[in-house]
Every structure is written in C-alpha cells, then in structure tokens.
Amino acid sequence: MQKILELKKLKKYYPIRGGVFRREVNTVRALDCIDLDIYRGECLGVVGESGCGKTTTGKTIIRLQDPTSGSILYYGKDTEPGSGLDIGKAKRSTLKRRGIRSRLQMVFQDPATSLNPRMLAKHIIAEPIKAQIPMRGRELEDRVIELLKMVGLTRDHLLRYPHEFSGGQRQRIAVARAIATDPEFIVLDEPTSALDVSVQAQILNLLKSLQSRLGLTYLFVTHHLLVVKYISHRTAVMYLGKIVEIGDTGNIFKQPIHPYTHALLSGIPIPDVEHKQQRIVLSGDVPSPVNPPSGCRFHTRCPFTLDRCREQEPDLLEVENGHAAACHRHDEVEKLIYEKFGGSQAAA
Amino acid sequence: METLLETKDLVTNFYTYEGVVKALNRVSMVVDHGTTFGLVGESGCGKSVTVRSVMRIVQEPGLIENGKVIVYLDEEDKRAGIDLLQQSEAYMEKLRGDQISMIFQEPNAALNPTLSIGDQVSESFLFHQKREMCTKIVDDLTAPGCRTFYPLRRLEETIYRAAAKTPEAFLLKIFDRMPLLSRWQKRLKKEAKKRTVEIVRKLGIPNPEQVVDQFPHNLSGGMKQRIVIAIALACSPVLLIADEATSNLDVTIQAQILDLLRKLKNEAISSILLITHDLGVVAEICDRVGIMYAGNLCEVADVREIFHNPLHPYTRALLDAVPKLSAKGVLKSIEGNVPNLVDPPPGCRFHPRCPHTMDICRKKPPKMMKTGNNHLTACFLIGGGEE
C-alpha cells in the first residue's frame, strides 16, 4: 500500500498566556509525539474522548495550524516514493504553488456554523474552485451542479441560503465544498455528530460511496465508536494527545489490547437488548493536558497500574500484524480483565 | 402495576412568526411506578416539549392547549390522581423539584455560574424541606448535649418551633429582613449544607466538603452533570425526568452516569422518564419505550418488544439506521427529512417518508391501538386506526 501522509513525532502545543506582559505561563500539550501513517484510499478513524487531541490532529495535518515540531510528509499522486513534501515546515507560498491546499480538504463538525449564512449555496461551493482554477460563468455553474448532484442535491438548491436547508442537506453542501477541488485527502471532523440518527445514516452512506467513486482518503475524527466501526478501515484510539492503540477496525473491536480501548468499547451503549456486556466503568475524568500525568498517561484511571506505568512512558509497539498498542502490560491485559471483571468481556 | 403519570391527548402549540408550530399532537402515554420509561425520537419531534408540558415549563411562545396530565402520588387521594394542568402555579412550584424533578440536557446551562455548588444544591432543601429541617433543629437544641448559651437557646428554640409550624409565616419573613434577627437562619443554612454534603457524597463525588464551596467552572463535565442530578434528587422525588442527561458527555463518563442512574433507580427513586435520541442508551436502562415522530407517539412497548418485534415502519427504519456492532453491509437510511411542524403532512405524519404508504394514510391520522401484549402502535398497516 502506498502512503499518502506520514506523521513523524508531530507535536502541537498551545501556549497559555498570562500576567502583565502576556508571557507564556504554561502549555497545553494537545498533541505529543504522534507517529502515524495514512495510506492511500483508506479511511482512518480517530476516536477518543473530548479534549484528547482528535480535532487538533486533523487540523494540523492539513496545516490549518502550524505544528510545534515534527514533520508531516505528503506524498502526492505523481511524486515518486521517498520524496514527500513536509507540509508542516513548507512555506505558505510553496503550498500554494504546488496546489497542496486543493489536495487536502476538510469537512467541519457543525454545518450550521461552518457555512457562511450570507452566501448562496452556489457561491459556497464555487469559492474553493475559484481560488484554485480560473473558472467562471456557465462552466463554473455546470461544475457546481455536477457537485450538487454528486452529493444528492439538485439544481433547485443553487439559489438558496444555508438557513433554508435542513441539517443533513447543509452537511451535504459542506461535503460538496470539500470535494470541489478534486482532493485526495479529506479530514472529516465529526461530520455526523450534529445530525439525527436517520440523517446520519444518509451522510455516512454518501461519504462511503464518494470514497469509492473518487478514490478519496479519509481521516474520520469522531467520538462515536459505532460510526467508526461502520465507516473506517483502520482505527486509531487517542488518549490525552497520544495514540494508545492503532490497528484494523475489525481487530480493534474484536481483540482490543490497551485497557483504555477495552473501557471505551465496553462503555458504548449497544442498541440491542440481548447484549448484556460486563462494563468496565473508569473512575474519574480525563486529566488536564496542561500537566499530563507522568509515565503512562492513562495510569491515573487504569485498573491495572504498576509502578513501572507511573515512571516510564510506554512506546507504541506493534503487537501483531499492523496492530500496535502503547501499554506495558499489553500481553496480560486480556487475562487481567478476565480476572477482574468476569468472563463476558474476554468472550466478547 | 400502578400508574404514576398519565398524559391524555396533550396538545402544545408554539405561536411563532412563521405560524403555529404544532409541537404535540394528542400525546397520550402512561408511566408506571417503578419503571424506566424511555422517550425516543429525532430532534424536533417533541420529546422535550412533552416533558416540559408535564412540568408546565413550556417556554414563551408555547401554550398547552388541551389535554390532561394526571399524576398519582403517594398521598391520600391516591386513586383520584391530580390533573397538573388544573393546578395553581403555587402548587406546581411546590411539586417541581420535590415530587417530580428534572435533569436538564446541558449541565453548563443548568448551573448558575455565579453561585457555589453548595448554594445551588441547598436551595432545593431550603425551598422544599424547611419544615423538616426546623423540626430537626428544634430536636438538636432541646437535646441534652446542646452547649448553646441558655437564653439564646430558648430564643432560637421559640423561633424554630414557630418556623416548623408555619414556614411561610409573615413574622418570619420580617425577621429575615432585619439585620440582627436574620441570624436565625444560620442554623437552617448549616443544616441544609449538611444535607447537601450528604447527597453530593452519595453521588460518588470525591471530597464533597470541598466541592460544595467550589463553583461550576471548577468542575469537569461529568462532575457538573452529577451536581445537576444531585439537585434533582435532593428531595427524593417520585419521578425523575432526565432530558438527554448523557447526550453531551463522553463515552466513559456516559457509562458512569448511566450506572449511577441505574443504581439510584433501585435505591432512591421510583420511576425515571428518560428522554434520549440514542437507542443504545434505551436498550441499556429502559424498561418501556415510547417512539415519537413529529409530535406524535407512534409506538409504545416494552424494550424487548421494541427491539425484537417493532411494528411501526418508523421504529423499524430507526432501528435499521443505527450503526451496530455486529452488522455488516450498507446502513439503511430513512429518505427525506423531518417535516416542518408549522404545516405537518395531513393524515399520518410519517407518510411522506414511509415505504408502505396507503391511501388511507394520507387522509386520516391513525389511532393508538393495542397490537399485542402491552404493545401499542399507531399505524394503519398494523390495523390501527379502526374506530
């Protein structure tokens, strides 16, 4: 498989300023040394609780925000392997000259706030096209109509303002805007969390069909695990600015390794009455990313903490084929859970 | 099982500039003692309006037009029931937060950022349990070990005895305003705080003595939601209404809160009316489920029945549209959108999106019919609607 993006030791710290001179008093470590490969044509799901750095990952990858350190290597369609462009450090003019902006796009969480209320739908969709290619008049309009048809809207919707659409239709417009410039890679930042269940299914199906039709690569950021299960090929689980587990979605759901993943999975309310799962309820809340716990960041909530977890930070190690986890006790977690919470978890 | 709450043909309209939004269209449902009733539906289908009508806190342009909300509380007139829509506002004030209480969706919006946690929780003790607390204080004062200066003790005893008899007495209200005499409330507030610490501890919050002096911004989302639940549970209500209590929380925190609700239901409260759009939460803790669509209740049944034998086409479509852990293949979505309630479709409100529409669906609204053991459905397909 061909890589499209490669993140190496990516860090993003946000300064907290205070005092008279607005000097930096502290930092929020939103992303702390992320290593991640994204392959062409896949959908990589990123899950985690709020404040764990999911959205920051998405925004930093397409350089809506400048990373603090580390590199983001982008391998375009026609570049030979091994000669990626570092998006994180490239100048803005380079990005523009090489047309990187049109290759990497994003769909935001709430379509009600991400669409300009004073622009017509056709202008919203035409804007990114005009910024990249000099296209106007009938030609542009035809392209916009083609895009609208792709996302399941019609030419009647051209001359309407965002408030005239329902939530699902608005998200369709946001998707049309993202695919307007023929991108290769789209960051989907919780695209369905503001939508209702029945509409959510429509949007998920739309995204899936667009992916196979246009050969897109997705980074799907969400906190809804069942959605990830439905749409993504690989899944990365994040906790407090770190990736704690990554692997094929099927593997993650069938044989999770990290205790945090176990807890997340057992915490999903399953829409099935017969499904009575032993639940691992984690005590406490996510610690603040301003001063994260020493050692393994999960040790404050982990039921199986050792002294080693408090001191030494575990690395993301490949346990089996493509399935990696960052836990000191990764080979005994299954057994520990079986002993502590009973058999149903291990069986499931 | 005994009925606790019953709504009959509840109609609530909102008079907006765009027209009359017919938010509730003759909603009739029954919540029994000791059950957890889940009210499920998409946004804008009238779930929240239903419970707000029950509590009579529908906001400004809204008006409860018609219907009955009958509660059967554990009081002397048990069989008769009380129609809440006929009661005075003063009666409702006494009832809200005492017998029936509510958890709101957004803990940030439900808590006052300028008051400490302790003040906010003890408010409901001071409002509803003044009499009990005064009696308790009198007992404490007359107890042999009391070390207050004797004349002062006599004075306080007299005041609290009077307060225990009639908490709303005119003289006490004057006392509250007078600089020195208003000190009589000191013991009352202390007692309320003691109870606050107790209830906050019961909800599993670590070191409650410090938490009660903190402000909402000091706490995390899950903690805030616990405090909101503490306020609702302060006076041990008979019915707890949880309006999307876990929707904005993370998965692990949601698991904590659901666990807490389940535990409380076994110990403290009789029934929970849970509003949610998440069918997973319903499968998790509800006993009985009502499915709402566009201001109508379209199916009510036990939770097993809903998941194994859904009858209404909307229920089936909704269940198919949810991503599941085991399912493979393409998700089935419901085509179209939720109708605008200013001008709802005639007949059955689901007919424009229904895959099995018949002629009669466009003309007549279906009626709720019994279609099985404790299973009510409003659909012509299932034989509903025949007079």
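Val46(A) stands opposite Val221(A) in strand E8 of chain A. In strand E9 of chain A, Val46(A) stands opposite Ala236(A). The model is predicted: local features need pLDDT of at least 70, side-chain atom pairs count only at pLDDT 80 or more, and totals for chains, interfaces and linings use all residues. Residues are numbered from 1 along each chain as its sequence is written, while chains are lettered from A and ligands numbered from 1 in the order in which they are written.

Val46(A) belongs to strand E3 (residues 43-47) of chain A. Helices (H or I, at least four residues) and strands (E, at least two) are DSSP runs, numbered from the N terminus. Four bridges join E3(A) to E8 (residues 217-221) of chain A, and the two run parallel. E3(A) also pairs in the parallel sense with E9 (residues 234-239) of chain A, over four bridges. Pairing requires that DSSP finds at least two bridges between two strands.

How enclosed is E3(A)? Five of its five residues are buried, so the strand is largely enclosed by the rest of the structure. Buried here stands for 20 or more other C-beta atoms within 10 Å of the residue's own, exposed for 12 or fewer, and partly exposed for values in between, with C-beta atoms placed from the backbone. In a regular strand the side chains alternate between the two faces of the sheet. In E3(A), both faces are covered: Cys43(A), Gly45(A) and Val47(A) lie on one side, Leu44(A) and Val46(A) on the other.

Now chain B. Eight of its strands form an open sheet with mixed pairing, in the order E6-E7-E8-E3-E9-E10-E12-E11. Strands E6 (100-103) and E11 (369-372) of chain B are at the edges, each with a single partner strand, so one side of each lacks a neighbour in the sheet. The twist averages 20° from one strand to the next; axes are lines fitted to C-alpha atoms, for helices over the stretch in contact, and angles run from 0 to 180 degrees between N-to-C directions.

Within this sheet, E7 (residues 239-243) and E8 (residues 271-276) of chain B run parallel, joined by five bridges. Ala242(B) has Leu274(B) as its bridge partner in E8(B). Helix H14 (residues 313-321) of chain B packs on the sheet, touching E9 and E10 (296-302) of chain B, at about 100° to E9(B).

The chains meet through 35 residues of chain B and 30 residues of chain A, with contact set at C-beta atoms, placed from the backbone, within 7 Å. H11(B) gives the largest share of chain B's side, seven residues.

Conventions:
Contact = placed C-beta atoms within 7 Å.
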